[in-house]
Amino acid sequence: MSKSLRQIAETLFSDALTPQKLENSLKSYRSILLNATTLGLDDQYNKRDVQLQNGIAIGLSWAGSCLDDPIRTLKFFRGTKRAIEAKLTEKESIHLLYAGTGPFATLILPLLSHFSSDQLQVTLLDVNPTSVENVSQIIDYFGFQNHVQEIRCVDATKMILENPLELDILLSETMQHALQRELQVVITSHLFNQMRADAILIPQSIELDIVCVSNDAVDIQRIDQFLKVDVDFLRLHPKMHADWHIEKTMDFSKFHGTPNDLLAISTKIKVYEGEEIQWNESGLTTPKIIGDLKDFQNANELVFRYAISPEPGCTIHSESTQII
Ligand SMILES: C[S@@+](CC[C@H](N)C(=O)[O-])C[C@H]1O[C@@H](n2cnc3c(N)ncnc32)[C@H](O)[C@@H]1O
């Protein structure tokens with residue numbers, strides 16, 4: 001196993017991590033990953049998204065570039081490490097399913113360098129065949145074969161798990177801000193509902209709120225919760241068909257912002273106990289601006305709808321007309 005990968009992992013997990021050390025460690029991580037393969041991230045072919053029935057799988061190059069979102073990457077490493085440690089207090093060896101690895105299996109490699117193969121076993125999957133090929137090369141390059149039960153090219157929204165009761169943790173980061181376009185909700189609902197009741201979901205929750213944002217994007221005021229995707233939500237919605245949707249009706253007459261405020265949907269991610277990605281800390285949590293608040297204040301009621309479709313996401317309706 002690469003000594004530098006282990007050093008990067010220990011720096012990222014250290015309490016003494018500074019923003020500068022984080023930046024340097026992620027730069028080094030990126031460069032050892034690129035050295036480990038022959039992948040062309042600038043290749044136009046690798047930038048093409050894959051359209052699936054209920055959303056898109058972003059192109060391999062973009063999936064690889066997720067690493068460069070520092071707070072996202074750090075919080076996922078640390079949260080997943082905590083979840084593994086929590087499970088290891090219950091049993092000696094645990095099995096983690098990582099759905100949507102991208103070309104580097106970015107979120108798991110530092111953990112494979114930290115935990116032994118007796119402690120941590122993983123199953124890795126992605127729908128993009130080039131990503132899967134590349135992940136196989138990377139696992140061989142770092143010598144992690146003993147940690148890996150299977151590397152599979154499959155659409156996670158259709159996969160029937162062969163060993164669901166053996167799985168302890170589901171890890172998936174297949175999302176964009178406001179849960180738009182990608183398949184996080186469908187993937188986690190489909191896979192997690194096959195797993196044991198005491199399995200851990202990562203991220204533990206994703207909260208979308210209807211918010212009012214000052215037009216310099218500094219202040220944020222929560223108006224109402226729109227959607228919270230967590231274990232309880234997924235257990236309530238085990239089958240997400242192409243026409244599945246959920247709605248929240250909001251009475252604007254009770255809310256008074258200031259003239260220049262913007263109406264937006266914010267995203268907050270709790271990766272695992274104590275590791276949260278707050279508003280604007282990452283590309284995944286930038287607010288999705290809907291428009292000037294004043295343009296919506298005459299509507300008595302607005303209906304916010306989150307729907308699964310080839311392009312999942314939020315729409316807003318007034319008197320049964322879609323306005324956004
Ligand atoms: C946002 S990228 C994240 C990559 C990496 N896990 C990370 O966090 O850095 C999402 C990955 O999930 C994969 N993916 C998306 N939908 C999928 C599906 N239905 N089944 C399997 N993989 C999927 C994409 O191909 C892509 O590699």
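Q: Which order do the four strands of the open sheet take?
A: The order is 10-14-15-16, with antiparallel pairing. Strands are DSSP E runs of at least two residues, numbered from the N terminus, and two of them pair if DSSP finds at least two bridges between them.

Q: And which are the edge strands?
A: Strand 10 (245-251) and strand 16 (321-322), each pairing on one side only.

Q: How many bridges join strand 10 to strand 14?
A: Seven, and the two run antiparallel, strand 14 being residues 301-307. Ile246 has Tyr306 in strand 14 as its bridge partner.

Q: Ok, what kind of model is this?
A: A predicted one: local features need pLDDT of at least 70, side-chain atom pairs count only at pLDDT 80 or more, and totals for chains, interfaces and linings use all residues. Residues are numbered from 1 along each chain as its sequence is written.

Q: Switching to Leu161, where is it found?
A: In the loop between strand 5 (148-153) and strand 6 (169-171).

Q: Why does Leu161 count as partly exposed?
A: Because Leu161 has 16 C-beta neighbours inside 10 Å. Buried takes 20 or more other C-beta atoms within 10 Å, exposed 12 or fewer, and partly exposed is in between, with C-beta atoms placed from the backbone.

Q: Which residues is Leu161 in contact with, leaving aside neighbours within four places in sequence?
A: Leu167, Leu191 and Gln194. Contact requires C-beta atoms, placed from the backbone, within 7 Å.

Q: What share of the whole chain is buried?
A: Buried residues are 40% of the 324 in the protein chain.

Technical notes: Contact = placed C-beta atoms within 7 Å.
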